[in-house]
Structure formats: C-alpha cells, structure tokens
Amino acid sequence: MASSICSLSRFQLTKTNLVPPLPLHQRQSLHKCEMNRRAFAVKGIVASATLPAQPDPSSTGFERLPYKAEGYNYWTWRGHKIHYVVQGEGSPIVLIHGFGASAFHWRYNIPELAKKHKVYALDLLGFGWSDKALIEYDAMVWRDQVVDFVKEIVKEPAVLVGNSLGGFTALVAATGLPALVSGVALLNSAGQFGDGKKESKTSEETALQKFVLKPLKEVFQRVVLGVLFWQAKQPARIVSVLKSVYINSSNVDDYLVESITRPAQDPNAGEVYYRLMTRFMMNQSKYTLDAVLNELSCPLLLLWGDLDPWVGPAKANRIKEYYPKTTLVHLQAGHCPHDEAPELVNKALLDWLASITPEVSLQTV
C-alpha cells in the first residue's frame with residue numbers, strides 16, 4: 001500500500017494545479033515512504049562500501065605511475081639498453097614483470113609501495129622499453145640481468161617481486177645472489193615442478209634430420225609464428241587475452257594496451273618473439289621449481305590469484321608444501337592480481353615486508 005502511494009503521489013505532486021491536496025493520512029504515509037527510500041539509499045551506500053568487491057583503481061583515486069612514451073631511466077647491460085623505473089626511499093624492492101609486459105604493468109603498485117620503500121621496476125631484455133636483443137633467450141639470461149641490476153643499480157639487499165615469468169626470474173636470481181636478496185614474492189609465478197619419472201633421452205642427429213627436416217621445420221615455424229605475432233600485437237587481440245585472465249577487467253584500458261603494443265612495434269620484436277617461442281617456451285622444463293626451491297634460503301611470499309585460468313591455486317599450495325618458509329595469501333583475482341586488485345596486493349606485500357624486516361619498518365615509520 002505504501003509503495004502504491006509513493007508512485008501515485010509523484011504524479012500528483014507534479015500536477016498540483018490539476019488535483020486537490022492529498023488528505024492528511026496520505027501525506028503522512030508519503031512522508032514515511034520518502035524517509036524509507038532515503039534510509040534504503042543510505043544503507044545501500046554503506047553496504048556497497050563493505051562488500052569484498054574489487055574496485056576500479058581509476059575511479060577510486062589510486063595513484064598511478066604516469067605513462068611515458070619515452071620511458072623513464074636506462075642502464076646499459078652487456079651492451080644492451082635496459083629500461084627501469086625508480087621511486088621512493090627506504091629498503092629496496094625490485095618488481096619484475098611477466099611475459100609480454102613491462103615495468104608499466106606495476107602502475108598501481110609503484111606509487112603506493114614507494115611511500116615506504118625504494119621501488120625499482122625493470123624491463124627484462126627483449127620486453128617493454130628494453131632492447132630487443134637478437135640472442136638465444138634462456139631463463140638464465142634474465143637471472144643474470146636481475147643479479148647484475150641488484151649489484152650495479154640497487155647496491156644493497158633487496159626483495160624481489162615477480163609476476164608470471166618475472167616470478168620464476170625472481171626465484172632463480174635469488175638463488176644466484178643470496179647475500180643481496182632478503183626475500184622473494186611471487187604472483188602467479190611461471191615454472192614447473194620436475195617429473196622424476198621422465199628420463200632425458202639423447203640421440204645423434206642424422207644427416208636427414210640436420211639438413212632436410214630441421215630446416216623445413218624452422219621455415220614452417222617462422223611462417224606460423226609470424227602470423228601469430230602479427231595477430232598477438234593487434235590491440236583487439238590484446239584486449240581479448242587480457243580480459244580472459246582478468247576476472248575484473250575494468251583495468252584493461254588504453255594505458256595497459258598501449259604499454260604492450262608499443263614495444264611490439266620495435267624492428268626486432270618479431271624475431272625476439274620467434275626465439276622466445278621456439279627456444280625458451282618450448283624448453284621451460286629445463287629448470288624446475290623444485291630444483292630452484294632447493295637452493296632458496298630467504299623468506300617467500302605467494303600472492304596468488306586463485307581465479308587464474310592459467311595457473312591455479314594448486315600450484316601455490318604445492319610450493320608452500322615444498323618450501324616451509326612460505327607465506328601464502330589467496331586473492332580473488334586472475335593471472336595479474338597486482339594490476340587487477342592492487343589495493344589488496346599492496347597491503348599484503350607491505351604487511352609481509354614489515355614482518356620480515358621489522359627493524360627497517362620501525363625506522364621508516
């Protein structure tokens with residue numbers, strides 16, 4: 001009854017010159033109705049503020065690293081130009097992006113983390129604003145790059161943080177430089193556990209394989225991968241892939257797409273893609289997670305997007321079971337939780353950093 005009065009009175013109040021005033025009891029009901037409507041609206045606002053939904057950083061006032069087409073800082077490593085970003089003061093953190101991304105993928109993390117730490121984010125060789133070097137790509141290349149970056153640029157013990165490919169790179173770099181790595185944080189890391197049942201098989205390469213089959217295979221691969229690369233660098237395709245791994249796709253925006261498509265226009269980008277796909281991606285089992293974790297000695301944090309269609313929570317649970325010095329934080333996000341839910345990742349990372357370096361956190365408060 002009250003709802004019908006509300007609906008009717010809205011028409012009557014706008015047509016006061018056509019109908020007589022409402023009786024007193026109806027005006028009282030109308031007043032109660034409006035009060036209920038306002039109370040419901042207020043409750044709705046409060047309720048929405050307490051829901052565990054992932055807000056859109058661009059609409060909530062989160063600081064974002066300004067996009068610069070020319071990049072930020074450059075460091076020469078083995079004759080190659082390496083791009084990196086640095087902000088803040090305090091104990092250092094090094095952020096390492098995933099496959100196909102760049103330092104700009106940490107756009108919502110760098111400003112917040114830099115309030116308490118000196119934050120570095122670098123582009124791995126072959127990606128982002130770093131040179132597209134024509135070399136034989138291997139996990140150890142990026143390990144050496146990160147190790148030398150910490151030695152030459154950071155110059156003090158740091159925490160390495162990596163997403164996807166950057167996660168595995170952080171792990172192997174930590175084992176190669178234990179004195180200068182005080183902790184590692186992984187966000188949906190790449191890498192596989194070894195299969196003890198498999199035995200390596202080697203055989204001599206015949207003349208037919210070497211001079212006929214192998215060249216034909218390479219030609220076929222170049223044609224197919226050339227088409228795939230052309231498709232992969234199209235903005236619409238990038239948006240489609242990102243939306244498939246971002247559960248909340250509100251941050252799949254022009255900034256993110258531009259940070260991926262721009263490096264793909266480099267003259268050597270196509271050849272680097274071919275080498276990555278044929279040399280590195282096909283031989284990931286050469287270095288296993290269990291072998292790397294056996295050499296790790298520092299605290300490990302797993303910030304895991306459990307809704308990742310590529311790398312689910314089972315992998316995080318297995319890492320934690322294998323390596324006891326692990327802290328695991330489950331997040332309702334996809335493959336790139338640092339960009340999809342930066343507010344959750346930033347808080348969890350800062351809390352963990354404070355727990356492993358209490359003396360540093362007390363000095364910076």
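Is Cys336 buried or exposed? Cys336 is buried, because its relative accessible area is 6%. Buried here means under 20% relative accessible area, exposed means over 50%, and partly exposed is what lies in between, with a 1.4 Å probe and protein chains only. Cys298 also counts as buried, at 8% relative accessibility. A search of the whole structure for disulfides finds 0, a disulfide being a pair of cysteine sulfur atoms within 2.5 Å.

Before I go on, some housekeeping. This is a predicted model, in which local features need pLDDT of at least 70 and side-chain atom pairs count only at pLDDT 80 or more, while totals for chains, interfaces and linings use all residues. Residues are numbered from 1 along each chain as its sequence is written, and side-chain values use heavy atoms, with hydrogens and water left out.

Now the strands. Please find strand E7, residues 300-305. How many of the residues of E7 are buried? The count is 6 of 6, so E7 is mostly covered. In a regular strand, the side chains alternate between the two faces of the sheet. In E7, Leu300, Leu302 and Trp304 point one way, and Leu301, Leu303 and Gly305 point the other way. Residues on both sides are buried.

E7 has a partner in strand E8, residues 326-331. Two strands pair if DSSP finds at least two bridges between them. E7 and E8 run parallel and are joined by 6 bridges. Leu300 has Thr326 as its bridge partner in E8, and Gly305 stands opposite Leu331 in E8. From E7 the chain passes through helix H11, residues 313-322, to reach E8, and this β-α-β crossover is right-handed. The term means that, with the strands pointing away from the viewer, the path from the first strand over the helix to the second runs clockwise.

E7 also pairs with strand E6, residues 181-187. These two run parallel as well, with 3 bridges between them. Leu186 stands opposite Leu302 in E7.

Next, charged side chains. A salt bridge is a side-chain nitrogen of Lys or Arg within 4 Å of a carboxyl oxygen of Asp or Glu. The structure holds 12 of them. One of them joins Glu271 and Arg275, whose closest N and O atoms are 2.8 Å apart. Both residues lie in helix H9, residues 269-280, and they are 4 residues apart, about one turn of the helix. Glu271 and Arg275 are both buried.

Lys115 forms a salt bridge with Glu112, with 3.0 Å between the closest N and O atoms. Lys115 counts as exposed, because its relative accessibility is 53%, and Glu112 counts as partly exposed at 30%. Arg262 and Glu258 form another, with the closest N and O atoms 3.8 Å apart. Arg262 is partly exposed at 37%, and Glu258 is partly exposed at 31%. There is also a network of salt bridges that links Arg64, Arg107, Asp253 and Asp339.

Now the backbone. Most residues other than glycine have a negative phi. Which way does the phi of Arg78 go, positive or negative? Arg78 has a positive phi, about 55 degrees, and is not a glycine. Arg78 sits in the loop between strand E1 (73-77) and strand E2 (80-87), and is exposed at 53% relative accessible area. Ser164 also has a positive phi, near 55 degrees. Its place is in the loop between strand E5 (158-163) and helix H5 (165-176). Ser164 is buried, because its relative accessible area is 12%.

Last, the surface. Val219, Val223, Val224, Val227 and Leu228 make a nonpolar patch of about 390 Å². Patches are made of residues with over 30% relative accessible area and no salt bridge; nonpolar side chains (Val, Leu, Ile, Met, Phe, Trp, Tyr) are joined within 5 Å, and like charges within 9 Å. The accessible areas come from the Shrake-Rupley method with a 1.4 Å probe, and for residues only the protein chains shown count as cover. Val223, one of the patch residues, lies in helix H6, residues 207-232. Val223 is exposed, with a relative accessible area of 53%.
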